[in-house]
Amino acid sequence: MMPGLVGASQLLNRSSSFLVTCSLSKHLHFCNSSLCNAARRPFPSIRTFASMAASDEFVKGSVLPNGVAVITLDRSKALNAMNIDMDIKYKSFLDQWEADPKVKCVLVESSSPRAFSAGGDVKLIASKNQLSDVIEVFTAEYSLICKISEYKKPYISFMDGITMGFGIGLSGHGRYRIVTERTVLAMPENGIGLFPDVGFAYIAARTPAEGSVGLYLGMTGKRISTPADALYVGLGTHYVPSGNLAPLKEALLAADFSQDPHIDITKLLTKYSTDPDSEPLLKINLPQIASCFGWNNSVNEIVEELKRHQLSLDARVAEWAKDALVGLGKGAPFSLCLTQKHFSRVASAVGKHESDLSNLIGVMKTEYRIAIRSSRRNDFAEGVRAVLVDKDQNPKWNPPSVDAVAPREVEALFEPLAPETEELNV
């Protein structure tokens with residue numbers, strides 16, 4: 001069975017959580033003004049005092065005497081799947097510590113070696129099925145990602161174990177991204193009828209071969225399970241063997257920080273990190289990835305090129321192409337077209353400072369529009385049914401094929417939101 005999406009669904013069935021946050025509604029177009037106004041309430045019905053109290057247990061924060069502030073994700077039974085109250089608690093720590101001169105840096109870790117974070121918790125939002133809930137969730141998630149990306153103090157993530165979906169959002173945009181041999185990275189959202197969000201398109205656009213590697217990962221849901229590949233695509237900045245994490249943390253907590261904590265952190269990371277002992281598999285397959293997943297290739301062109309590589313006399317190339325086709329086959333056709341369109345636009349904006357998509361904030365504002373609308377489509381409801389409810393792994397997508405996807409319907413997801421609905425304000 002293919003690692004990417006199939007492996008992720010098996011993981012989800014065990015943990016009763018998913019890697020994205022979304023809604024079970026069936027509609028693309030909105031917006032009922034009463035619902036939109038409800039979305040602006042400071043304490044919508046989706047949140048309860050009980051769930052807010054639980055966030056204190058799941059997201060723990062503390063500041064050590066030397067100025068290291070630590071966030072510990074402690075929802076191990078759900079692989080640290082993040083719900084909205086956890087998002088809000090997390091951001092409140094970051095806001096507080098950013099303004100505190102005693103805080104020198106922030107370290108984010110998990111209480112469990114199994115997972116840093118498997119993503120967003122789908123259960124609550126799926127059960128509510130309200131547009132206002134969807135808006136609040138994406139606002140909380142995306143605002144947190146933007147906060148992390150522009151954080152004014154050193155931000156260190158221990159990405160040990162499963163780090164998928166929103167887990168990448170919590171770590172992939174921070175300054176220091178520590179991976180171990182246990183790190184597993186993936187963006188499998190196409191497999192439930194959504195798209196790879198959390199600003200992954202911004203990261204993907206800066207991967208090798210002008211973003212081809214990132215598009216390949218986003219479209220197929222392929223897992224990254226080696227430190228070499230994590231560093232190669234830029235999701236990790238340092239490889240620290242898991243046995244060195246505790247000594248590294250102890251050294252951070254004992255450090256006497258100078259005027260520039262970045263210098264001190266870099267020295268410690270140099271001491272405890274090492275080079276991977278293998279070549280990146282993605283680099284080995286780079287010629288094929290580049291020929292298939294160039295950002296100007298349509299989904300059909302990608303498929304045809306993969307089929308050509310599947311006939312290669314080189315067994316490695318043929319097997320790689322077969323796995324990529326299996327990964328694409330798990331995604332909703334509409335989601336595949338949406339992902340290709342979004343990622344290609346972000347990739348083409350690299351270096352063009354006049355484009356809103358050349359910076360992460362602009363990408364997140366666009367993804368906010370897409371996420372709200374794509375989560376209202378029937379494909380999401382069907383994807384959740386097939387992966388999480390009936391678990392038959394046999395979704396009936398609508399439209400059923402790439403050829404049946406109307407380009408204008410894909411384009412509609414990028415349009416400004418209705419006047420009654422606020423854009424992402426970050």
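A residue is called buried when its relative accessible area is under 20%, exposed when this value is over 50%, and partly exposed in between, as computed with a 1.4 Å probe on protein chains only. The structure is a predicted model, in which local features need pLDDT of at least 70 and side-chain atom pairs count only at pLDDT 80 or more, while totals for chains, interfaces and linings use all residues. Residues are numbered from 1 along each chain as its sequence is written, and side-chain values use heavy atoms, with hydrogens and water left out. Helices (H or I, at least four residues) and strands (E, at least two) are DSSP runs that are numbered from the N terminus.

Helix 9, which spans residues 212–220, is mostly covered, with nine of its nine residues buried; these are Ser212, Val213, Gly214, Leu215, Tyr216, Leu217, Gly218, Met219 and Thr220. Just after helix 9, Gly221 adopts a positive phi of about 70°.

Strand 3 (residues 105–110) is likewise mostly covered, six of its six residues being buried. Cys105, Leu107 and Glu109 point one way from this strand, whereas Val106, Val108 and Ser110 point the other way.

Two strands are taken to pair if DSSP finds at least two bridges between them. Strand 2 (residues 68–73) runs parallel to strand 3 and is joined to it by six bridges, with Ile71 standing opposite Val108. Strand 3 also pairs in the parallel sense with strand 5 (residues 155–159) over three bridges, where Ile156 is the bridge partner of Leu107.
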